[in-house]
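Subject: Structure handover

Hi,

Here is the structure for your files. My notes follow below it.

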Amino acid sequence: MRRSGHIGWVVGMLLLAVAGCQTTVDLTDDRIPDADLLSGEAILGEPITGTEHPDIDIVAINDDMREFVADLRDVSNKARRFWRLLQRMRGVGGEPGRYDAYANLTAQEAFVEKRGNCLAFSSLFIALAREAGFDARYQLVDIPPDYDSVDGMVVLNRHVNVRVNGVPGRDPVTIEFSREYANSIHDRQVVDDQFALGLHYNNLAFSHARAGDQRAALVYLRKALDETPENPDLWTNLGVFYARHEQFDRAIAAYHRGLALDGDHSPAIRGLANAHEALGQRANARFYERRMAHSRIRDGYTYYILAQRAYRAEMTAESLELVSQAIRLYRRDHRFYELQGNIHDQLGDEDAARESYKRARILARRYEMNSAEVLGVQGSG
């Protein structure tokens with residue numbers, strides 16, 4: 001079972017290659033204005049607006065929820081009040097057995113249905129915690145790239161949890177609803193309710209796209225971008241939408257918006273490579289394919305850093321999984337294999353450790369030889 005919420009849905013498409021060539025790479029794209037991209041008219045034949053579906057308050061609270069935590073407000077000891085809130089949250093679905101990665105629900109819906117993804121459970125906890133007198137906020141967790149495949153779309157999962165400030169003796173506290181990320185090795189960033197609402201609208205767009213309702217999907221994606229136009233995932237998703245309808249010029253324009261916000265945004269880079277390939281613009285496609293290779297290397301180092309953190313925290317099994325993923329993405333750094341060998345040693349697997357150290361020595365010698373050659377050339381004038 002996938003345990004992270006599907007906050008980003010990106011770059012899943014089937015493309016037809018078109019014969020032709022392009023000898024120059026155009027890295028700017030201001031020919032198609034934002035208003036055109038957001039209107040959806042090129043796909044639907046008429047413009048859409050974000051008001052076609054009502055606005056949503058994902059942390060709105062109802063009378064049943066107020067009653068659920070009413071007595072907690074009378075607990076003067078704030079630490080005791082917090083731990084009681086945690087216990088009650090477990091009773092309304094806050095455990096992995098009721099975790100559904102594609103249940104994109106508001107706080108009220110999650111309270112009734114007792115299920116949800118990371119965003120839904122975070123919204124529920126934040127709503128209840130605030131009603132109980134706590135300063136609770138969303139956190140975006142910097143997990144390594146985590147892909148899934150759903151109905152012909154490649155889904156890049158993001159992850160959120162909750163930060164609670166002002167808990168005596170434990171300030172701040174992170175509330176995590178996924179066992180997969182129930183540790184401190186991932187960096188976290190507090191985001192506001194508006195950012196989280198943009199994620200919720202984005203997930204609704206994904207759900208409607210899966211159901212074949214293209215208009216509703218575009219409306220909710222537009223609502224997401226109206227809330228948080230600074231989120232590169234959303235522009236990339238708009239590019240995916242256009243690419244799936246073979247509107248590749250508009251897809252490229254949307255991908256460029258995402259890349260302008262994050263110059264290393266791997267999904268936007270991959271989308272640009274695919275879209276240029278579909279248009280027969282081979283030189284442009286190769287340019288972004290080369291950038292994709294660099295993105296994979298960077299992702300490899302992301303996993304390596306997390307593996308180091310897990311190893312230092314004595315989370316041996318997690319560390320081995322992370323460093324193995326780093327090696328799958330990038331096999332040329334001897335340090336990856338050295339760490340893998342250390343982990344195998346700690347697990348008592350001498351044969352596996354020996355193989356890892358052997359590979360590390362081979363790569364280290366190759367690195368030293370290459371370095372010596374470079375130094376030799378530099379000194380030969």
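In which strand does Val-190 lie? Val-190 sits in strand 7 (residues 188-191). Strands here are DSSP runs of E with at least two residues, helices are runs of H or I with at least four, and both are numbered from the N terminus.

Before the rest, some ground rules. This is a predicted model, where local features need pLDDT of at least 70, side-chain atom pairs count only at pLDDT 80 or more, and totals for chains, interfaces and linings use all residues. Residues are numbered from 1 along each chain as its sequence is written, and side-chain values use heavy atoms, with hydrogens and water left out.

Val-190 is partly exposed, at 36% relative accessibility. The cut-offs: buried is under 20% relative accessible area, exposed is over 50%, and partly exposed is in between (1.4 Å probe, protein chains only). Leaving aside neighbours within four places in sequence, Val-190 is in contact with Arg-137, Tyr-138, Gln-139 and Arg-163. Contact means heavy atoms within 4.5 Å. Take Arg-137: its C-alpha is 6.8 Å from that of Val-190, though the two are 53 residues apart in sequence.

Now the salt bridges. How many does the structure hold? There are 18 salt bridges. Each is a side-chain nitrogen of Lys or Arg within 4 Å of a carboxyl oxygen of Asp or Glu.

- Asp-36 and Arg-250: a salt bridge, with the closest N and O atoms 3.0 Å apart. This pair links distant parts of the chain, 214 residues apart: Asp-36 is in helix 1 (residues 34-39) and Arg-250 in helix 10 (residues 248-261). Asp-36 is partly exposed, at a relative accessible area of 25%.

- Arg-215 and Glu-52: a salt bridge, with the closest N and O atoms 2.9 Å apart. Arg-215 lies in helix 8 (residues 214-227) and Glu-52 in the loop between helix 2 (41-44) and helix 3 (63-69), so the pair ties together parts that are 163 residues apart in sequence. Arg-215 is partly exposed, with a relative accessible area of 26%. Glu-52 is partly exposed too, at 32%. A network of salt bridges links Glu-46, Glu-52 and Arg-215.

- Glu-289 and Arg-282: a salt bridge, with the closest N and O atoms 3.0 Å apart. Glu-289 is partly exposed, at 30% relative accessibility. Arg-282 is also partly exposed, with a relative accessible area of 29%.

Best wishes
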